[in-house]
Amino acid sequence: MVADLWHTLMITPDARPRSTELQPKATRPIIQNVRVAWTLLPFAICGVVFASQLPGPRVAHKKGVANNAAEDRLDQYWKKAQAEVYKSPEEITAQQKRELRTGSPIPELIHGSTKRKWLALTFDDGPHPIYTQKLIDILKRENVPATFFVIGFMAEKYPDLIRDEVKAGFSIGNHTFSHVTLTHLPASEANTEYRACSDVLQNLTGARPIYCRPPGGDYDRDVITAARDNGMITVLWTDDPGDFANPGSHVIEKRTLQEMTNGGIILLHDGVQQTLDVLPQIIAYARREGYKFVSLGDMYSGARE
Ligand SMILES: [Zn+2]
């Protein structure tokens with residue numbers, strides 16, 4: 001555990017979730033990093049010990065399972081994803097406005113037409129060996145379209161789940177091969193991340209994905225260009241209840257309903273029990289309010305009317 005923490009602090013600062021308030025843009029000199037890491041180490045150890053006591057489906061799923069290397073890798077992956085800091089819809093809108101002013105490329109789909117009472121459901125970070133099938137079952141029972149933005153290496157690990165998603169009529173989007181923050185990579189690596197994930201999905205489904213989503217919603221000119229070079233439309237969201245942090249089912253439901261709006265794209269996660277618990281209620285509420293669930297394809301066409 002301490003070794004993992006040390007690794008996080010010293011070896012992979014760029015792979016950690018970005019918080020623009022807390023992390024300086026420029027890389028610190030290594031000596032300064034060492035000093036800061038030693039100073040923070042006792043606090044960080046306390047934090048990790050505390051965090052290990054918290055319930056969470058992505059960590060809890062490991063209980064009772066043999067502690068082999070593959071499970072460790074999976075667990076590390078989920079821990080990283082769980083700590084991911086997402087951009088809020090307000091931050092996305094502000095960035096879009098800035099980039100429109102400067103002429104930079106922007107994500108092609110952030111919301112659909114505000115004239116239509118349409119919603120699109122999207123689920124990031126799967127496939128997950130325990131939760132994906134349950135999610136598919138709920139969505140099929142409710143008869144709603146959805147898009148799964150999947151991780152390439154997880155798709156490789158659980159190919160049958162991707163096939164099940166396609167068989168059930170859901171669309172599959174590209175969420176990079178290894179779920180890294182693309183803006184922290186050189187432009188060519190961002191391209192490789194997208195291409196490798198699309199290669200995996202083409203092998204599994206026979207088609208390359210049309211839609212992609214950068215982890216954390218973190219993008220810049222190079223990330224948008226990498227998506228376009230791979231023939232994909234970048235999709236963000238309008239509604240983000242932060243379900244990946246397990247805030248409680250009622251909190252997920254409340255936040256989702258609060259942000260529900262015409263042409264809304266809802267960001268949820270595959271691999272969160274609390275999301276599964278509350279999804280039927282969210283769908284029922286939306287329908288009572290007169291919303292219709294549509295595919296990203298419909299949302300994209302509608303946005304251009
Ligand atoms: Zn993600």
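In the predicted model described here, helices H6 and H8 pack at an angle of about 5°, with their axes 10 Å apart. H6 and H8 are therefore roughly parallel to each other. On the H6 side the contact is formed by Thr132, Gln133 and Ile136, and on the H8 side by Leu161, Asp164 and Glu165. By class, these residues of the contact of H6 with H8 comprise two nonpolar, two polar and two charged.

The chain as a whole contains 13 helices and seven strands. Of its 305 residues, 37% are buried. Among contacts with a separation of 6 or more, 78% are accounted for by residues 24 or more positions apart.

Helix H6 spans residues 132–142, and its buried residues are Thr132, Leu135, Ile136 and Leu139. Viewed down the axis of H6, these buried residues fall within an arc of 100°, so they line one face of the helix. An α-helix has 3.6 residues a turn, so residues three or four places apart point the same way. The cover over the buried residues of H6 includes strand S1 (118–124), helix H8 (159–167) and helix H12 (273–288). Thr132 and Ile136 are listed among the buried residues of H6 and also take part in the contact with H8. Just after H6, Asn143 adopts a positive phi of about 55°.

The crossing of the two helices, H9 and H10, is right-handed. H9 contributes Ala187, Ala190, Asn191 and Tyr194 to the contact, while H10 contributes Asp222, Val223, Ala226, Ala227 and Asp229. The residues of the contact of H9 with H10 divide into six nonpolar, one polar and two charged.

Gly216 has 19 other C-beta atoms within 10 Å. Because a residue is counted as buried only with 20 or more such atoms, and as exposed with 12 or fewer, Gly216 is partly exposed. The C-alpha atoms of Gly216 and Ser88 are separated by 9.5 Å, although the two residues lie 128 residues apart along the chain.

Technical notes. Residues are numbered from 1 along each chain as its sequence is written. This is a predicted model: local features need pLDDT of at least 70, side-chain atom pairs count only at pLDDT 80 or more; totals for chains, interfaces and linings use all residues. Helices (H or I, at least four residues) and strands (E, at least two) are DSSP runs, numbered from the N terminus. Two residues are in contact if their C-beta atoms, placed from the backbone, lie within 7 Å. A crossing is left-handed if the near helix is turned anticlockwise from the far one by less than a right angle, and right-handed if clockwise. Ala, Val, Leu, Ile, Met, Phe, Trp, Tyr, Cys and Pro count as nonpolar, Asp, Glu, Lys and Arg as charged, and the others, Gly among them, as polar. The arc is that of the directions from the helix axis to the C-beta atoms. Axes are lines fitted to C-alpha atoms, for helices over the stretch in contact, and angles run from 0 to 180 degrees between N-to-C directions. Angles under 35 degrees count as roughly parallel, over 145 as roughly antiparallel, 65 to 115 as roughly perpendicular and the rest as oblique.
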